[in-house]
Amino acid sequence: LDPRVAYLITDILSDDQARMPSFGEGSVLALTRPAAAKTGTTTDFRDNWTVGYTPELVVGVWVGNADNEPMHNISGISGAGPIWHDVTETALKGRPVSNFARPEGLIEVEVCALSGLLPGPVCPHRVKELFIAGTEPTTACTEHSAVADSGSGGTGGESAPLSGEYSSLSVNASLELTGPDGGAVYRIDPGLPQESQRLVVSARAAKEGVFSRVTLWVDGAMLAEVETPPYQVFWRLSLGTHRFKAEGVTADGLRVVTPEVQISVGE
């Protein structure tokens with residue numbers, strides 16, 4: 001196996017932020033040291049697994065009944081996961097923390113989190129991703145546009161592109177909805193507690209102190225109103241299609257509204 005490909009897989013499996021929407025914040029897959037892990041659950045709950053590794057150790061855990069009877073809503077994260085966590089932590093207790101060795105031939109590129117292309121001028125959520133040299137994106141994302149709203153209150157004001165009288169807002173009074181990513185598809189895991197299946201709804205201002213408050217909205221209803229950064233809140237997954245946006249109000253009363261993003265949640 002190409003060591004660059006192996007490292008990319010390791011990087012994916014050790015990203016606790018990326019698995020947060022499914023497993024919640026600070027899940028049992030997060031250790032006190034770098035670790036990659038993958039869970040698995042059969043559809044009838046007869047078997048579940050957690051297999052993971054650090055630079056020094058590989059641990060695999062299976063959980064199930066000896067007579068092959070199905071378990072009751074026990075998944076890889078809730079059944080095998082805690083065992084994997086404790087065994088790995090105990091086995092490595094007292095050893096120095098080490099990182100996965102990054103091979104030559106990988107480059108880090110900032111991309112739009114939704115499209116995976118180079119970020120355009122108003123892409124709301126940008127992330128740095130690793131690529132094998134020569135496979136990185138070379139074209140810019142065109143899926144996002146900036147919107148400013150000068151309505152006097154609520155969410156019913158008309159929206160217009162950031163141009164003309166709003167051009168001066170493009171730096172100081174710009175607001176981005178950084179999560180969730182538009183077009184994302186989430187699944188509710190029946191084997192996990194519903195209260196732990198949440199995602200982060202968040203916004204970011206280009207310049208701190210411009211907005212006196214930022215309101216986060218879901219499906220036309222206010223989710224949270226935040227006066228200071230970070231502008232974020234957890235939202236529990238629910239079935240269906242959902243729309244999110246953020247609204248910022250400046251000290252002089254100007255209201256700036258982000259474009260809506262839509263996600264879907266299924267079973």
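**Entry 1**

I began with F244, which is buried at a relative accessible area of 0%; buried means under 20% relative accessible area, exposed over 50%, and partly exposed in between, with a 1.4 Å probe and protein chains only. Before going on, I noted that this is a predicted model, in which local features need pLDDT of at least 70 and side-chain atom pairs count only at pLDDT 80 or more, while totals for chains, interfaces and linings use all residues. I also noted that residues are numbered from 1 along each chain as its sequence is written, and that side-chain values use heavy atoms, with hydrogens and water left out.

How many aromatic pairs does the structure hold? I found two. Rings of Phe, Tyr and Trp (its six-membered ring) pair if their centres lie within 6.5 Å; planes under 30 degrees apart count as stacked, over 60 as edge-to-face and the rest as tilted.

I looked at Y53 and F100 next, an edge-to-face pair with 5.8 Å from centre to centre and 75 degrees between the planes. Y53 sits in strand β2 (residues 47-53) and F100 in the loop between α3 (76-91) and β4 (106-112), so this pair ties together parts 47 residues apart in sequence. Buried or exposed, what is F100? F100 is buried, at 17% relative accessible area, while Y53 is partly exposed at 23%.

Back to F244: its ring and that of W235 have centres 5.2 Å apart and planes at 85 degrees, so I wrote this pair down as edge-to-face. W235 is buried too, at 9% relative accessibility.

**Entry 1: the whole chain**

I stepped back to count elements, and the protein chain has four helices and 16 strands. Helices (H or I, at least four residues) and strands (E, at least two) are DSSP runs, numbered from the N terminus. Of the 267 residues in the chain, 38% are buried.

I then checked contacts, meaning heavy atoms within 4.5 Å. Among those between residues at least 6 apart in sequence, 58% join residues at least 24 apart. The accessible surface is about 14300 Å², and carbon and sulfur atoms hold 52% of it; such areas come from the Shrake-Rupley method with a 1.4 Å probe, and for residues only the protein chains shown count as cover.

How many disulfides are there? I counted zero, a disulfide being a pair of cysteine sulfur atoms within 2.5 Å.

**Entry 2: a three-stranded sheet**

I traced an open sheet whose three strands run in the order β8-β10-β13, with antiparallel pairing. Which strands stand at the edges? They are β8 (175-179) and β13 (231-236); each has a single partner strand, so one side of each is left without a neighbour in the sheet. Neighbouring strands here are turned by 20 degrees against each other on average, direction ignored; the axes are lines fitted to C-alpha atoms, for helices over the stretch in contact, and angles run from 0 to 180 degrees between N-to-C directions.

For pairing, DSSP must find at least two bridges between two strands. I counted four bridges between β8 and β10, and six between β10 (residues 198-205) and β13. As for β8, five of its five residues are buried.

Where did I find cis peptide bonds? One runs from G179 to P180, with omega near 5 degrees, and P180 lies in the loop between β8 and β9 (185-187). Another runs from P229 to P230, with omega near 0 degrees; P230 belongs to the loop between β12 (221-226) and β13.

N68 has a phi of about 70 degrees, lies in the loop between β3 (58-64) and α3, and is partly exposed at 42% relative accessibility. D219 has a phi near 55 degrees. I placed D219 in the loop between β11 (211-218) and β12, where it is partly exposed at 34%.
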